[in-house]
Amino acid sequence: MTQHLATQRSWTGSELRGEVLRPGDPGYDRERASLNPAFDARPEVVVSASRPADVAAAVTWARARGLALAVQATGHGTHVASDGGVLLKTSRMTGVLVDPDRRIAKVGAGAVWADVVAAAAPFGLAPVTGSSPTVGVAGFTMGGGLGPLSRKYGLGADNLLKVSVITADGVPVTATPDRNPELFWAVRGGGGNFGVTTSLEIRLHPVASVYAGQALFPISHAAELLERYRDYAPVMPSELTCTIALVGSTVAVRAMYAGDADAAQRALRPLWIDTPVEDTFASVPYARASVPGTAPRNFDLFAALPDSSVVLDVARESNAVEVRYWGGAIARGTSPAGHRTVPFSITVDGPEPERLWPYATGGSFLNFLHDPDAVETAYTAADYQRLRDIKTVYDPTNLFSRNLNITPA
Ligand SMILES: Cc1cc2nc3c(=O)[nH]c(=O)nc-3n(C[C@H](O)[C@H](O)[C@H](O)COP(=O)(O)OP(=O)(O)OC[C@H]3O[C@@H](n4cnc5c(N)ncnc54)[C@H](O)[C@@H]3O)c2cc1C
């Protein structure tokens with residue numbers, strides 16, 4: 001098989017069903033492409049896996065040659081180039097199977113959220129997804145996974161029930177709370193550092209329709225709205241996920257409520273100042289719900305919100321500034337994803353918001369981190385040390401290094 005992997009393009013034989021591409025092969029450029037044009041990586045070989053055995057073959061092959069291995073499903077979270085190594089694509093492994101009685105979805109490593117939402121919706125069920133239907137389930141979940149249902153149902157990582165991975169020695173391992181519990185803990189926030197995920201089982205929730213949208217108010221209301229939000233967010237119902245966004249001449253209340261319109265409007269009332277200039281809120285099926293977001297060019301966490309005058313100053317120099325209260329079920333999670341007890345974040349689409357930094361904790365969230373040198377900031381010191389210890393057990397030579405990397409202890 002190793003010879004095949006090195007020399008041939010595609011297989012239908014017993015060893016590898018995927019496709020193997022080298023520079024110059026037709027399809028090489030298509031398969032190596034990331035969503036981010038800044039990553040114009042040229043891997044030595046691209047392996048597009050169709051099944052777990054293909055993943056195991058690629059891992060074993062890379063390891064035997066001392067080549068680093070990068071994994072990519074969609075390219076949404078590719079922040080490290082895979083030049084010279086092996087790029088393992090999982091995008092063909094898109095199977096989704098819903099068990100409505102157990103409220104579980106079994107998902108292949110290449111599935112994206114739109115696949116799972118579509119499969120779950122006919123049963124009145126929904127997974128905890130993020131803002132984009134095209135993001136990969138595996139990458140999202142292993143990097144923490146924040147979504148508009150997270151305050152009610154936890155982060156994506158908290159909804160992982162079972163994961164199958166191929167470890168650095170090419171062996172399939174299943175992790176659950178009872179089987180390989182340390183690995184199970186680590187993959188729920190530690191990213192792709194411990195193996196290549198081949199499938200996941202995730203929890204679904206009884207969410208058919210939601211009340212979602214945004215209401216725009218004149219920017220002159222921003223200071224008062226921020227003050228109200230500071231007081232109200234810690235006690236708002238966990239069904240409500242809500243942010244305050246300062247965009248140009250308006251301040252927006254953006255929200256999703258997992259419930260009916262009456263309850264949602266009651267929950268939003270403390271944040272209603274005046275009549276909105278524009279109001280897009282409506283009850284819609286979860287599959288069609290969309291809440292505008294702010295590109296996380298800069299992302300910081302805060303134990304307490306800085307004064308609204310500071311936030312307004314930053315907004316004047318930015319395209320958008322969005323303030324979020326996390327809390328709810330997120331704060332009760334037990335995996336290494338995020339800084340669970342830090343309640344506020346501010347996302348800035350604009351230049352580096354130095355005015356905010358004196359108030360920030362210095363922490364980050366793996367899924368919103370772009371800097372491969374700052375991975376440690378995504379964790380508490382104790383969690384980071386534990387992740388490094390688990391990395392040492394499962395990947396002592398750091399085969400899985402072309403990612404937001406946790407180095408072995
Ligand atoms: C438009 C957009 C919206 C987003 N919205 C949200 C959001 O609302 N909430 C949120 O939490 N995040 C969000 N993200 C971040 C996103 O969840 C992460 O970037 C995630 O890693 C993307 O996973 P992917 O598979 O789509 O991307 P890829 O680039 O294919 O993978 C990203 C990384 O995940 C790891 N990985 C992926 N699959 C595997 C696997 N099978 N085995 C091992 N490692 C694997 C690899 O390290 C890989 O480098 C968003 C990103 C974008 C671009």
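Which residues are buried in helix α8 (residues 222–232)? The points below answer this and describe other parts of the structure.

1. **Basis of the model.** This is a predicted model, in which local features need pLDDT of at least 70, side-chain atom pairs count only at pLDDT 80 or more, and totals for chains, interfaces and linings use all residues. Residues are numbered from 1 along each chain as its sequence is written. Helices (H or I, at least four residues) and strands (E, at least two) are DSSP runs, numbered from the N terminus.

2. **Helix α8.** The buried residues asked about above are A222, L225, L226 and Y229. They lie on the same side of α8, because they cover an arc of only 100° around the axis; the arc is that of the directions from the helix axis to the C-beta atoms. A residue is buried if 20 or more other C-beta atoms lie within 10 Å of its own, exposed if 12 or fewer, and partly exposed in between, with C-beta atoms placed from the backbone. The elements covering the buried residues of α8 include β10, β11, β12, α10 (308–316) and β16 (320–325).

3. **Strand β12.** Strand β12 (residues 250–257) is largely enclosed by the rest of the structure, because seven of its eight residues are buried. Strand β10 (residues 209–218) runs antiparallel to β12 and is joined to it by eight bridges; here G213 stands opposite A255. Strand β11 (residues 240–247) also pairs with β12 in the antiparallel sense, over eight bridges, and L240 has Y257 of β12 as its bridge partner. Two strands pair if DSSP finds at least two bridges between them. The hairpin of β11 and β12 has two residues between the strands, and G248 takes a positive phi near 60° there.

4. **Domains.** The domain assignment gives domain 1 (2–89), domain 2 (96–206 + 382–394) and domain 3 (209–365); such bounds come from an automatic or database domain assignment. The centres of domain 1 and domain 2, taken over C-alpha atoms, are separated by 22 Å. Between these two, twelve residues of domain 1 are in contact with 17 residues of domain 2, where contact requires C-beta atoms, placed from the backbone, within 7 Å of each other. On the side of domain 1 that touches domain 2, helix α3 (residues 52–64) gives the most, with six residues. That side comprises seven nonpolar, four polar and one charged residue. Ala, Val, Leu, Ile, Met, Phe, Trp, Tyr, Cys and Pro count as nonpolar, Asp, Glu, Lys and Arg as charged, and the others, Gly among them, as polar.

5. **Ligand shell.** The ligand is surrounded by 29 residues, of which G77, G130, G136, G139 and G192 are the closest; a residue is near a molecule if its C-beta atom, placed from the backbone, lies within 6 Å of it. Two or more residues come from each of β3 (69–72), α5 (137–142) and β9 (196–203), and α5 gives the most, with three. The shell has eight nonpolar, 21 polar and no charged residues. Domain 1 and domain 2 each supply at least three residues to the shell.

6. **Helix α4.** Helix α4 (residues 113–120) is largely enclosed by the rest of the structure, because six of its eight residues are buried. These are W113, D115, V116, V117, A119 and A120, and their cover includes β5 (96–99), β6 (104–108) and α5.

7. **Residue D40.** D40 belongs to the loop between α2 (28–32) and β2 (45–48). It counts as exposed because it has 12 C-beta neighbours inside 10 Å. Its C-alpha atom is 7.2 Å from that of A81, although D40 and A81 are 41 residues apart along the chain.
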